[in-house]
Amino acid sequence: MSGSGTKTDGRVERGNQTRRLVLGRTMDIASVEGLEGLSLGRIATELQLSKSGVFALFGSKEELQLATVRAAVAVFTDQVLTPLKDVPPGARRVRELCRKWLVYSSGRVFAGGCFFHAVTAEFDARTGPVHDAVAQTRIDWTTYMERSLTEAQTVGDFTGDLDVEQLAFEVIALMEAANAQSVLLGDTRAYDRAERGIASRLRASATDRGREGLDAE
């Protein structure tokens, strides 16, 4: 029984390793070419894997696309959200959240810049499970930003009349504009402009306490 279990565990681990290898490649492809650029055959050829083995892991192009979106969410969480887990709610946390996003995009964690900006443009007018998965990532990110601003407002770092939804919209728009201009034109200065714009917008809505948090190192 123990020998059989060891063999099973070995197959499972090899399958998990192959899955990680495949998704690492599909995330980079999708960030440059879009999710429609993915296919089981292409991935098998590029990574020198058997097509039947890749098919056994994902089953269809749609499932490969959905798995790629889920994997990208995990990478984004690790790069942008998790590093802030010990930073208390407030203006400083909002500032660091924005900075982490700009570093994630400018550092080309994904080859094509922000993975979600790329695939949102591709699927925004479509329907179906992949559209729904991409749309949910947008909802989740916007909700996270709004919650971070609301928490900062609750602790007294932003004014009581702050329109949280509006500020979240503006901040995210500045981030995405920097990503788009950098990817299209190779203009890395766009990230500095976005950071200055975000800082200006946050300061305009902050209390004295909040400005201290924005200025803190």
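**Packing around helix α7**

Ala-91, Arg-93, Val-94, Leu-97, Cys-98 and Trp-101 of helix α5 make contact with Trp-141, Tyr-144, Met-145, Ser-148, Leu-149 and Ala-152 of α7. By class, the residues of this contact of α5 with α7 comprise 10 nonpolar, 1 polar and 1 charged. The model in which these contacts are found is predicted. Helix α5 spans residues 91–106, and its axis lies 8 Å from that of α7 at an angle of about 155 degrees. Angles over 145 degrees count as roughly antiparallel, and α5 is therefore roughly antiparallel to α7.

A further partner of α7 (residues 129–154) is helix α4 (residues 61–81), packed at an angle of about 15 degrees with the two axes 9 Å apart. Because of that angle, α4 is roughly parallel to α7. The crossing of α4 past α7 is right-handed. On the α4 side, the contact is formed by Glu-62, Gln-65, Leu-66, Val-69, Val-73, Phe-76 and Leu-81, which meet Pro-129, Val-130, Ala-133, Val-134, Thr-137, Trp-141 and Tyr-144 of α7. The residues of the contact of α4 with α7 divide into 11 nonpolar, 2 polar and 1 charged.

Attention may now turn to the largest pocket, which holds about 270 Å³ of space. It is lined by 15 residues, of which Phe-76, Phe-116, Thr-137, Arg-138 and Trp-141 are the closest to its centre. Helices α4, α6 (115–123) and α7 are the elements that each give two or more residues to this lining, and the largest share, 5 residues, comes from α7. The lining consists of 8 nonpolar, 4 polar and 3 charged residues.

Note on methods
Residues numbered from 1 in each chain as written. Predicted model: local features only at pLDDT ≥ 70, side-chain atom pairs only at ≥ 80, totals over all residues. Heavy atoms only, no water. Axes fitted to C-alpha atoms, helices over the stretch in contact; angles between N-to-C directions. Helix = DSSP H or I, 4+ residues; strand = E, 2+ residues; numbered from the N terminus. Parallel < 35°, antiparallel > 145°, perpendicular 65-115°, else oblique. Left-handed = near helix turned anticlockwise from the far one by under 90°. Contact = heavy atoms within 4.5 Å. Nonpolar A, V, L, I, M, F, W, Y, C, P; charged D, E, K, R; others polar. 1 Å grid on protein atoms, 1.4 Å probe; cavity = no way out; pocket = protein on both sides within 12 Å on 5 of 7 lines; lining within 4 Å. Points joined across faces, edges and corners; volume = space filled by probe spheres on them.
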